[in-house]
Amino acid sequence: MNKETVVGAFLKPSSGRRNKTNPQHLIYHSRTYRRGKEWTMTLMVIKTLERVSKNYYYIIRGEITPMRLELQMSLLKPQIDTDYRRIVISYLKFALEHCEEGRFFEKFYKKRNNINKDYSFSTVFHKPKFTKEKIYFDKNEMKIIFSCSDQKRTGLIFHTAFLSVLNMKFPLANGNYMMLKKIVQKKEVLITEPVVYFQTMLGNGLCVREHDRETNRDLFITCEDKEFTDKAETIIRNQLQIAGFYKNQYEDIKIEPVDCKKIVVKHYGIFVDLTVGILKISGDMNVLQYLYQSGVGSHHASGFGALNVVRQGEYE
């Protein structure tokens with residue numbers, strides 16, 4: 001059983017009432033005094049991180065079950081294709097297909113492409129050497145960092161799916177294969193400030209994509225482009241709207257590249273321009289927590305947009 005504390009609340013969409021209160025103004029403090037000492041009471045919560053009471057969602061935050069997993073993979077050969085993100089996506093599908101006879105597969109992967117995915121991942125290699133077609137590393141192992149929001153029990157589902165394929169071979173090209181050997185729960189950061197400095201994870205980057213329907217071509221915008229901030233903020237607002245946040249929670253989201261550069265990676269056979277480095281993102285704390293857990297930007301469920309927290313708050 002975990003210990004958690006209610007730190008915010010907002011109106012349910014079905015309540016029929018307008019939300020005029022900032023969630024941070026509804027902070028719950030339960031304290032009692034004993035022999036002159038202050039004792040903080042915490043709520044005991046089983047299974048769920050969210051409780052519903054009358055017209056409010058109460059957000060349980062504090063000592064929560066981590067939704068960031070490190071998948072330790074072994075490989076027959078210490079190499080993988082440079083277009084490896086598509087391999088990891090196939091592996092996620094593979095895990096879901098083997099979990100409870102695939103009952104959760106269509107929750108995340110259907111023939112339509114507009115499913116809201118609240119997770120991201122990043123892949124880490126040991127001393128990688130890159131060639132045009134392959135990545136070589138000096139150990140027969142790699143790590144996949146999987147992070148998600150658990151508002152829709154995504155973490156529970158994928159954790160169960162990964163357990164179902166533990167020690168199971170997943171075939172790769174040229175007679176190679178990879179196998180999940182161990183799952184490690186990683187510590188997560190609780191967002192407590194409306195300004196957070198994030199760093200894109202190693203082997204990752206922020207993808208900002210603009211699709212031209214007339215030409216059916218994608219344009220990728222990076223920190224080197226003058227319109228980067230405006231385009232990135234628009235992409236993030238759309239992401240948060242689809243995720244179910246209220247407009248007053250996401251309309252003031254701001255992003256600023258602090259120490260960034262452009263890189264180019266291969267993804268499904270095309271070259272994608274990314275922004276890597278430190279990004280300053282400000283906004284509602286629940287929104288920032290969601291972006292930290294789920295990933296930010298275009299294609300965040302395809303190996304882009306995974307973040308680590310550098311620091312929180314503004315300091316003179």
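Buried means under 20% relative accessible area, exposed over 50%, and partly exposed in between, with a 1.4 Å probe and protein chains only.

**Figure 1. Overview of the predicted chain**. Buried residues make up 45% of the 316 residues in the chain. The secondary structure comes to 6 helices and 20 strands. Helices (H or I, at least four residues) and strands (E, at least two) are DSSP runs, numbered from the N terminus. Contact means heavy atoms within 4.5 Å. Among contacts in the chain with a separation of 6 or more, 72% join residues 24 or more positions apart.

The model is predicted: local features need pLDDT of at least 70, side-chain atom pairs count only at pLDDT 80 or more, and totals for chains, interfaces and linings use all residues. Residues are numbered from 1 along each chain as its sequence is written, and side-chain values use heavy atoms, with hydrogens and water left out.

**Figure 2. Helix α1 crossing helix α3**. The axes of α1 (residues 85–97) and α3 (residues 154–164) come within 8 Å and cross at roughly 85°. Helix α1 is therefore roughly perpendicular to α3. Axes are lines fitted to C-alpha atoms, for helices over the stretch in contact, and angles run from 0 to 180 degrees between N-to-C directions. Angles under 35 degrees count as roughly parallel, over 145 as roughly antiparallel, 65 to 115 as roughly perpendicular and the rest as oblique. From α1, L92, A95 and L96 meet I157, F158, A161, F162 and S164 of α3. The residues of this contact divide into 7 nonpolar, 1 polar and no charged. Here Ala, Val, Leu, Ile, Met, Phe, Trp, Tyr, Cys and Pro count as nonpolar, Asp, Glu, Lys and Arg as charged, and the others, Gly among them, as polar.

**Figure 3. The largest nonpolar core**. A nonpolar core is a set of buried Ala, Val, Leu, Ile, Met, Phe, Trp, Tyr and Cys residues joined through side-chain atoms within 4.5 Å. Two or more residues each come from β7 (68–75), α1, α2 (105–108), β9 (119–125), β12 (141–148), α3 and β14 (177–186). Helix α1 gives the largest share, 8 residues. Apart from this core lies another, of 25 residues, among them L206, F228, L279 and Y290.

**Figure 4. M73 and M178**. M73 is found in strand β7. It counts as buried, at 2% relative accessibility. Beyond four places in sequence, M73 is in contact with residues including Y91, M142, I144 and M178. M73 and I144 are 71 residues apart in sequence, yet 7.6 Å apart in space, C-alpha to C-alpha. With neighbours within four places again left aside, contacts of M178 include M73, I87, Y91, M168 and F170.

**Figure 5. Helix α4 crossing helix α6**. The axes of α4 (residues 228–243) and α6 (residues 285–294) come within 12 Å and cross at roughly 95°. The two helices are therefore roughly perpendicular to each other. I236, Q239, L240 and A243 of α4 make the contact with V287, Y290 and L291 of α6. Its residues divide into 6 nonpolar, 1 polar and no charged.

**Figure 6. Buried D150, C99 and C148**. D150 lies in the loop between β12 and α3. Its relative accessible area is 15%, so D150 is buried. D150 and D118 are 32 residues apart in sequence and 8.1 Å apart in space, C-alpha to C-alpha. C99 is buried at 1% relative accessibility. C148 is buried at 1% too. A search of the whole structure finds 0 disulfides (pairs of cysteine sulfur atoms within 2.5 Å).
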